[in-house]
Amino acid sequence: MALDADTLKQLLDTIRRFVDERLIPLEAEVDRNDEVPAAIVQQMRELGLFGLTIPEDYGGLGLTMSEEVQVAFELGRTTPAFRSVIGTNVGIGSQGLIMDGTDGQKRRYLPKLASGEIIGSFALTEPGAGSDAASIRTSARRDGNHYVINGSKRYITNAHVAGLFTVFARTDPHSTGASGVSAFLDPADAQGLSLGIPERKMGQKGAQVCDVMFDECRVPADALVGENEGIGFKTAMKTLDRGRIHIAAVSVAVAERLIRMALDYAMEREQFGKPIAEFQLIQAMLADSKAEAYAARCMVEETARRRDAGEDVSTEASCCKYFCTEMVGRVADRAVQIHGGAGYIADYGVERFYRDVRLFRIYEGTSQIQQLIIARNMIRAARK
Ligand code: COS
């Protein structure tokens, strides 16, 4: 259910202040220490940020997609690692359960995900299955009242702090594609579940990814999402559709921050006797960034509105993810260029964003996968 206008405004104002006063001043420290301070995580719990999209009946705020993107426009104005703290509970770590879980499963886990008492994590990708998600090899074998999971997952965001994994595994050993895949709710303390060491990454320091291994990991039969075998791949795809709109919104927010940084710098920095903002080649870069970020914001808002109206926006979600993440890459590149030598120096923060935004074009489906989804849907629609 949508929030009333006042409550939404209050929420957005609170997040804006939190970002400006608490998060932005910590950006360099988080990058240096590769860690978000525990006090910030606790404040995020107190602000209710972990439960933004979890239905009210289960303790969350139940934001619509349109409201969620407004929040992402605010929270995305700072280092993406901060958003990542709540990102999985708001998105891929809870949405499979919300969309396809039974009421019992929801009652068991959603209130804890909403409060931030536990972190949810989405375990789909494997060493041999990234873009080709339907080819996963992790297996789940039925054994009496249990399933026994074997396999390994790779680059799993927030795995090191997760209390609950949504794990995708093959329940039909004779299948090779999407139809044999099921989703499971696997608590982090389940026997046979272990973690790899956190990966060293190019950017988004403070957000951790690592491998998750399952060695004869036993979960009760009622851990099967929706208590229905074979629907797991669709659960993953629906989850990613929503997540892609969210990532697109975050990309818009980072782009707008970078444009502001580039503009401020260009107006202050003087060369050839005047601020570089007065040179047309600099103005062209600023204008291109502004126009692209504005187009991106509009498409995200429109797609969110249409999703809330009940339309199938799978194509549009991919358009948003594709355009907005590529856009922020170009904006970050221009921001570095406008800063000149300073753009390459850590103190100015622009190089950090340049590294951070590179991931947006890769995770939750690469740009090439978005192109493939868009074109395939176009062809399918034309054949109807
Ligand atoms: N919503 C609901 N159902 C969907 C769907 C969606 N968005 N997309 C696909 N499906 C369904 C299809 O309708 C099909 O069902 P039927 O067999 O009943 O017709 C089934 O799922 C299989 O779909 P499809 O045949 O399209 O699967 P493919 O293996 O050909 O490819 C892609 C699917 C490439 C789109 C998918 O593997 C993908 O998104 N890959 C990227 C994965 C990713 O984002 N990884 C990031 C890791 S998580 S951070």
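The structure described here is a predicted model, in which local features need pLDDT of at least 70 and side-chain atom pairs count only at pLDDT 80 or more, while totals for chains, interfaces and linings use all residues. Residues are numbered from 1 along each chain as its sequence is written, and side-chain values use heavy atoms, with hydrogens and water left out.

Helices (DSSP runs of H or I with at least four residues) and strands (runs of E with at least two) are numbered from the N terminus. In α5, the buried residues include Pro80, Phe82, Arg83, Val85, Asn89 and Val90. Because 11 of the 11 residues of α5 are buried, this element is largely enclosed by the rest of the structure.

Phe122 lies in strand β1, which covers residues 120-123, and with a relative accessibility of 9% Phe122 counts as buried. Val212 belongs to strand β7, residues 209-220, and is also buried, its relative accessible area being 0%.

## Empty space inside the model

Rolling a probe the size of a water molecule over the atoms shows where empty space is left. On a 1 Å grid over the protein atoms alone, a cavity is a set of points where a 1.4 Å probe fits but cannot get out, whereas a pocket is an open set with protein on both sides within 12 Å along at least five of seven lines, and lining residues have an atom within 4 Å of a point. Grid points are joined across faces, edges and corners, and a volume is the space filled by probe spheres set on the points.

The second largest pocket has a volume of about 300 Å³ and is lined by 19 residues, of which Val36, Val41, Val85, His160 and Val161 lie nearest its centre. The elements that give two or more residues to this lining are α3 (38-46) and α5 (80-90). The largest cavity, with a volume of about 40 Å³, has a lining that includes Ser84, Lys201, Val209 and Tyr363.

## Salt bridges between helices

Side chains of opposite charge can pair when their charged atoms come close. A salt bridge is counted when a side-chain nitrogen of Lys or Arg is within 4 Å of a carboxyl oxygen of Asp or Glu, and the structure holds 25 of these. In one of them, Arg257 pairs with Glu27, and the closest N and O atoms are 2.7 Å apart. Arg257 lies in helix α8 (residues 232-268) and Glu27 in helix α2 (residues 27-33), so the pair ties together parts that are 230 residues apart in sequence. Both partners are buried, Arg257 at 16% relative accessibility and Glu27 at 4%.

Another salt bridge joins the side chains of Glu68 and Arg242, at 2.5 Å from N to O. Since Glu68 lies in helix α4 (residues 65-75) and Arg242 in helix α8, this pair ties together parts that are 174 residues apart in sequence. Glu68 and Arg242 are both buried.

Methods
Buried means under 20% relative accessible area, exposed over 50%, partly exposed in between (1.4 Å probe, protein chains only).
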